[in-house]
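Welcome, and please open your viewer. We will go from one selection to the next and say what is there.

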Amino acid sequence: MKTIKVLGPGCPKCKITFNNAEEAVKQLGIEAQVIKIEDIEEMMRYNILTTPVLMIDEVVKVKGRIAQVNEIKEFLK
């Protein structure tokens with residue numbers, strides 16, 4: 001099962017990225033855990049300075065912008 005993490009303080013861009021990740025998983029019909037990380041200290045452990053960040057299986061895929069549904073689907077294939 002894939003693990004998708006969206007890191008961000010809860011801003012609108014972060015929320016959209018999280019929703020897009022959930023939608024991508026739904027459209028693909030795959031099992032994946034989508035996690036929202038809003039805790040600043042936890043984000044610092046990943047050395048993240050620009051949000052939102054989309055990580056798939058601990059690999060940063062998108063940083064500093066909204067990840068679109070189709071883009072996320074491509075990462076998950």
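Contact here means heavy atoms within 4.5 Å. With that in mind, select Leu-76: leaving aside neighbours within four places in sequence, Leu-76 is in contact with Lys-2, Ile-4, Ala-24, Val-25, Leu-28, Ile-30 and Ile-56. A word on what you have open: this is a predicted model, in which local features need pLDDT of at least 70, side-chain atom pairs count only at pLDDT 80 or more, and totals for chains, interfaces and linings use all residues. Residues are numbered from 1 along each chain as its sequence is written, and side-chain values use heavy atoms, with hydrogens and water left out.

Buried means under 20% relative accessible area, exposed over 50%, and partly exposed in between (1.4 Å probe, protein chains only). Helices (H or I, at least four residues) and strands (E, at least two) are DSSP runs, numbered from the N terminus.

**Two helices**

Show H1 and H3 together. They pack at an angle of about 55°, with axes 8 Å apart; axes are lines fitted to C-alpha atoms, for helices over the stretch in contact, and angles run from 0 to 180 degrees between N-to-C directions. H1 and H3 are therefore oblique to each other (under 35 degrees is roughly parallel, over 145 roughly antiparallel, 65 to 115 roughly perpendicular, the rest oblique). On the H3 side, select Val-69, Ile-72, Lys-73 and Leu-76; the H1 residues in the contact include Thr-17, Ala-21 and Leu-28.

**The loops**

Which bond is cis? Select Thr-51 and Pro-52: the peptide bond between them is cis, with omega near 0°. Pro-52 lies in the loop between helix H2 (40-45) and strand S3 (53-56).

Asn-47 is also in the loop between H2 and S3, and has a positive phi of about 60° although it is not a glycine. Asn-47 counts as exposed, at 64% relative accessibility.

Finish at Asp-57, in the loop between S3 and strand S4 (59-63). Phi of Asp-57 is positive, near 50°, and Asp-57 counts as partly exposed at 35% relative accessibility.
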